[in-house]
Amino acid sequence: MKPEFDFEQPLADLEKAVENLKEMAEEGPGGISGQLKELQQKLAEQKKEIYRNLTPWQTVQVVRHPQRPVLHDYIDLIFTDFMELHGDRCFGDDHALIGGFAKIDREKVMLIGHAKGHTPEDNADRNFGCARPEGYRKALRLMRLAEKFKVPIITFIDTMGAFPGLDAEERGQSEAIARNITEMARIEVPIISIVTGEGGSGGALGIGVGDIVMMLSHSIYSVISPEGCASILWRDAAYNAQAAEAMKITAKSLLELGVIDEIIPEPLGGAHTDYVATAEVIRKALLKYIKKIAPGSSSKLIARRFDKFASMGKFIK
C-alpha cells in the first residue's frame, strides 16, 4: 500500500509484510500469528515515533489531508439538536462560516465555526472555509444572541484565512474581523475556541478570542500560511518548510509560547484515520471547560479574557 505522506515511506515495507502475513494466516494454520503480532507491534511503534517527531511542514501536510474531519462531521458526532441560524441581517448568508444553537450532552451552547466540505462541489459552495464579511457579521450576531440567552459559545476554527476577493474587500472584510475581535473581548458568556485544522490569519482570529483556546495535535495556527511567508521573505516557494519552522505554527510550539491552553491528542496517523475517536476527545475537553469556566461574574470573566490576550508576547530590551 502506497504511503499517504512522503515521511511515512519507512512504514511501507512493514505494512507490506503485515499484509502478506495476514494473507498467509487466512490460507491455513501455522506459526504465523506470532510473527504477525510482532510485526504489527513494530509497525505501530515506528508510526508512533514518526508522528511524535513530525516537522512543522509535515504537520501542515497532515492537517491538509482531504479526508480530515470538517465541522459538519463534528456536529454529527458531538452535538445534538443543532439548529442552524442564517444570515447577517445586512447582506447575505455565508456558507463558509455557520452557527446555531446546539446541545453537547445536556449543556446548551451556541456553536459557530468555519465549514469546509469533503467534495469539490461542497467546498466550492463553502469557499473552502474562507469567510466573507457577512460570515463574520453573522458570527457576531449569533454571539450576541448567546449572550442574551446566557449560553456558552463554542467556536471551531478551520480556515486558511478570510476570503481576500474584491467583493469581500468592498464589503469591509478587515472591519468585520476587527469588530469581531473587539466585541468578543467583552462578550459576557464563556467562549471556548478550538483549532481543528488550519487556523490562518485574521480569518481565524475573527472567531478565536476565547477564554480557552485549544488545538488538535496536528492542527496549525499562524498569522499567515507557510507558503505566504516564504513568498514574502524569500520570494521562493522552496522555502515553505523553513517558513513553517520559523513561524512556530504547531500546537506544541504555541502551547510553550502561551498562545493556547491545551493540546487535544489526535489518533495515531491524524484525525482523518478515526473520526469517532477524534470527536470523543474533543467532546470531553469541551465539557471539562464548559463546567470549569461557567461560574462567576461576567466582569471577572471579561477581565480574565483581557488579561489572557494582553499577556501574550514579551518586549525584550
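A cavity, as I use the word today, is a set of grid points where a 1.4 Å probe fits but cannot get out. Keep that in mind for the end of the talk. One caution before we start: this is a predicted model.

Let's begin with strand β6, residues 212-216. Is β6 enclosed or open? Buried here means under 20% relative accessible area. By that cut-off 5 of the 5 residues of β6 are buried, so the strand is largely enclosed by the rest of the structure.

Now look at its two faces. In a regular strand the side chains alternate between the two faces of the sheet. In β6, one side carries I212, M214 and L216.

Which strands pair with β6? One is β5, residues 191-200, in the parallel sense, over 4 bridges. Another is β8, residues 262-264, also parallel, over 3 bridges. M214 is the bridge partner of I194. In β8, the partner of M214 is E262.

The largest pocket holds about 510 Å³ of space. It is lined by 23 residues, and the closest to its centre are Y51, R52, S217, H218 and K252. Which helix gives the most to that lining? It is α12, with 4 residues. Helices α2 (32-52), α3 (56-63) and α12 (251-256) each supply at least two. By class, the lining has 8 nonpolar, 8 polar and 7 charged residues.

The second largest pocket has about 290 Å³. Its lining counts 15 residues. Nearest its centre lie R64, H65, P66, K116 and N123.

Finally, back to the cavity. How many cavities of 30 Å³ or more are there? The count comes to 1. The volume of the largest cavity is about 40 Å³. What lines it? The residues are M160, E198, G199, G200, I220, S222, I224 and S225. Strand β5 gives the largest share, 3 residues. Both β5 and β7, which spans 220-222, supply at least two each. By class, that lining has 3 nonpolar, 4 polar and 1 charged.

Find the largest pocket, with Y51 and K252 among the residues closest to its centre. Then find the largest cavity, where E198 is one of the lining residues.

Methods
Residues numbered from 1 in each chain as written. Predicted model: local features only at pLDDT ≥ 70, side-chain atom pairs only at ≥ 80, totals over all residues. Heavy atoms only, no water. Buried < 20%, exposed > 50% of the residue type's maximum accessible area, 1.4 Å probe, protein only. Pairing = 2+ DSSP bridges. 1 Å grid on protein atoms, 1.4 Å probe; cavity = no way out; pocket = protein on both sides within 12 Å on 5 of 7 lines; lining within 4 Å. Points joined across faces, edges and corners; volume = space filled by probe spheres on them. Nonpolar A, V, L, I, M, F, W, Y, C, P; charged D, E, K, R; others polar.
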